[in-house]
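This report looks at how some helices cross one another and at the surroundings of a few individual residues. Please keep the sequence and the structure in view while reading.

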Amino acid sequence: MVANRLPVDRVDTPDGSTQWRRSPGGLVTALDPVMKANKGAWIGWAGSTEEAPEPFDEAGMHLVPVPLSAKEVEEYYEGFSNATLWPLYHDVIAPPVYRREWWEAYVKVNRRFAEAAAETADDGALVWVHDYQLQLVPEMLRALRPDLRIGFFLHIPLPPVELFARLPWRQQILRGLLGADLVGFQRPGAASNFLRLTRRLLGYQTQRDQTFLPDGRVVRARSFPISIDVAQLEEIARRPETQRRAEEIREEIGSPAKVLLGIDRLDYTKGIGERIHAFAELLTEGVVTPDEATFIQVATPSRERVEQYKLLRDEVELAVGRVNGTHGRIGRPAVTYLHSSHDREELAALYRAADVMVVTPLRDGMNLVAKEYIACRYDNTGALLLSEFAGAADEFRQAFLVNPYDVDGLKATLVDALRLDPRNATRRMRSMRRHLVEHDVDRWASSFLSALTGELRT
């Protein structure tokens, strides 16, 4: 496994020693049994600009830390990855910044990851590279170790030719990805974009899901929609203490008739401002009253050193203040805004407390929040309002699908979801839950690995 971060978080204890705690993410959970069964190693950054520790074993895996300096974090991660690629790949919702020094840092860091993988992998090993921060690794790794079987998975969208072509280093990125034997995407449209890009920008021949390279290799591009550990999250949601906490949350915000919930990383792609604006207009017009519905918006801190994110936080907090100043009362805010991180238990309680889950990204590769909400609604209650531009919209046609750019359409859909007939709600949620249970994170991981090689032992 090659990913930007290791699957563990560093914890400094009071006595000055260092411990490692396994990250709670679904990717780690999904790949844990495969990694253990195949003596897997995970290569990634340890999260600190201090000297990287030596390789070590933790959580049944061999972990190989890759060092990053403070300047490399600024240029490779905050710069090229998150100020160049992230906005470009999300339909240029914010303007990408193109700086040659950032690109040079990206190349340098990708080479370091590739070299670490080449040194660590056994003969003929399988290597799975993840996400937009490491798109050059497959080609670099193949040059170092042609014996390896290499897969790559992009967790975010891949833009069409008209947008991707703006990137000054477009051919280098495509050749980097084509170092893999299999390139995976969240949506079929992204896989089609990739094949079109290899034809248009590199002149390679393609057929169905295959790209034919001049050296005789064939690279496949397919969609593998990522998912979550449904059983684990449902178990947390069913706990009596989770239900008690859900009831406390509703009481703390004044016991409204209905609760709308948004949970997002604070990012300009998530459509947070658009949904707050739509809700505010409903209150102003009297279509919805604060007694009828209250909005809880959780915005997890994100990339706070990047200027665009600082501005976004100010905009969101100003919008929340305006709504509450106009429509809130003592003990009954119109919008409860939390700019903080929460553990899985608290998130499950929030999902249980919410009558309507509002997931309205302007562009998103998948959006696992939608899936987490469905997993927690084990009693088949609740409604999901979902952006057409999230990858999850391909799977959950029973959700209230909406164009988040259409304010009037968003307002009307919010009202429909709030006033949904309980029997209709049960029918919709039961159908979405059935699909989710059948397509959990284990199925995602096994389907990708099976497509990459049928010889992997699990």
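## Helices H3 and H4

In this predicted model, helix H3 (residues 100-120) and helix H4 (residues 137-144) have axes that come within 9 Å and cross at roughly 45°. An angle from 35 to 65 degrees falls between roughly parallel and roughly perpendicular, and H3 and H4 are therefore oblique to each other. Their crossing is right-handed. On the side of H3, the contact is made by Val 107, Asn 110, Arg 111, Phe 113, Ala 114, Glu 115, Ala 117 and Ala 118, while H4 contributes Val 137, Met 140, Leu 141 and Leu 144. Sorted by class, these residues comprise 9 nonpolar, 1 polar and 2 charged ones.

Helix H3 also holds Glu 101, which counts as partly exposed because its relative accessible area is 37%. Glu 101 and Tyr 76 are separated by 25 residues in sequence, and their C-alpha atoms are 9.0 Å apart in space.

The buried residues of H14 are Gly 409, Leu 410, Lys 411, Thr 413, Leu 414, Val 415, Ala 417 and Leu 418. In an α-helix there are 3.6 residues a turn, so residues three or four places apart point the same way. The buried residues of H14 pack against helix H10 (272-285) and against several strands, namely S13 (258-265), S14 (293-300), S16 (356-359), S17 (383-387) and S18 (400-402).

## Helices H10 and H14

The axes of H10 and H14 come within 9 Å and cross at roughly 70°. Angles of 65 to 115 degrees count as roughly perpendicular, and this description therefore applies to H10 and H14. The crossing of these two helices is right-handed. From H10, the residues making the contact are Glu 274, Arg 275, His 277, Ala 278, Phe 279, Glu 281, Leu 282 and Glu 285, and from H14 they are Val 407, Leu 410, Lys 411, Leu 414 and Val 415. By class, the contact of H10 with H14 has 7 nonpolar, 1 polar and 5 charged residues.

## Residues in loops

Most residues other than glycine have a negative phi. Ser 255 sits in the loop between helix H9 (240-252) and S13, and it is partly exposed because its relative accessible area is 44%.

Asn 367 has a phi near 85°, which is likewise a positive value in a residue other than glycine. This residue is found in the loop between S16 and helix H13 (368-376). Is Asn 367 buried or exposed? Buried means under 20% relative accessible area, so Asn 367, at 8%, counts as buried.

Asp 267 belongs to the loop between S13 and H10, and with a relative accessible area of 1% it is buried. When its neighbours within four places in sequence are left aside, Asp 267 is in contact with Trp 86, Arg 303, Tyr 309 and Leu 312.

Key: Residues are numbered from 1 along each chain as its sequence is written. This is a predicted model: local features need pLDDT of at least 70, side-chain atom pairs count only at pLDDT 80 or more; totals for chains, interfaces and linings use all residues. Side-chain values use heavy atoms; hydrogens and water are left out. Axes are lines fitted to C-alpha atoms, for helices over the stretch in contact, and angles run from 0 to 180 degrees between N-to-C directions. Helices (H or I, at least four residues) and strands (E, at least two) are DSSP runs, numbered from the N terminus. Angles under 35 degrees count as roughly parallel, over 145 as roughly antiparallel, 65 to 115 as roughly perpendicular and the rest as oblique. A crossing is left-handed if the near helix is turned anticlockwise from the far one by less than a right angle, and right-handed if clockwise. Contact means heavy atoms within 4.5 Å. Ala, Val, Leu, Ile, Met, Phe, Trp, Tyr, Cys and Pro count as nonpolar, Asp, Glu, Lys and Arg as charged, and the others, Gly among them, as polar. Buried means under 20% relative accessible area, exposed over 50%, partly exposed in between (1.4 Å probe, protein chains only).
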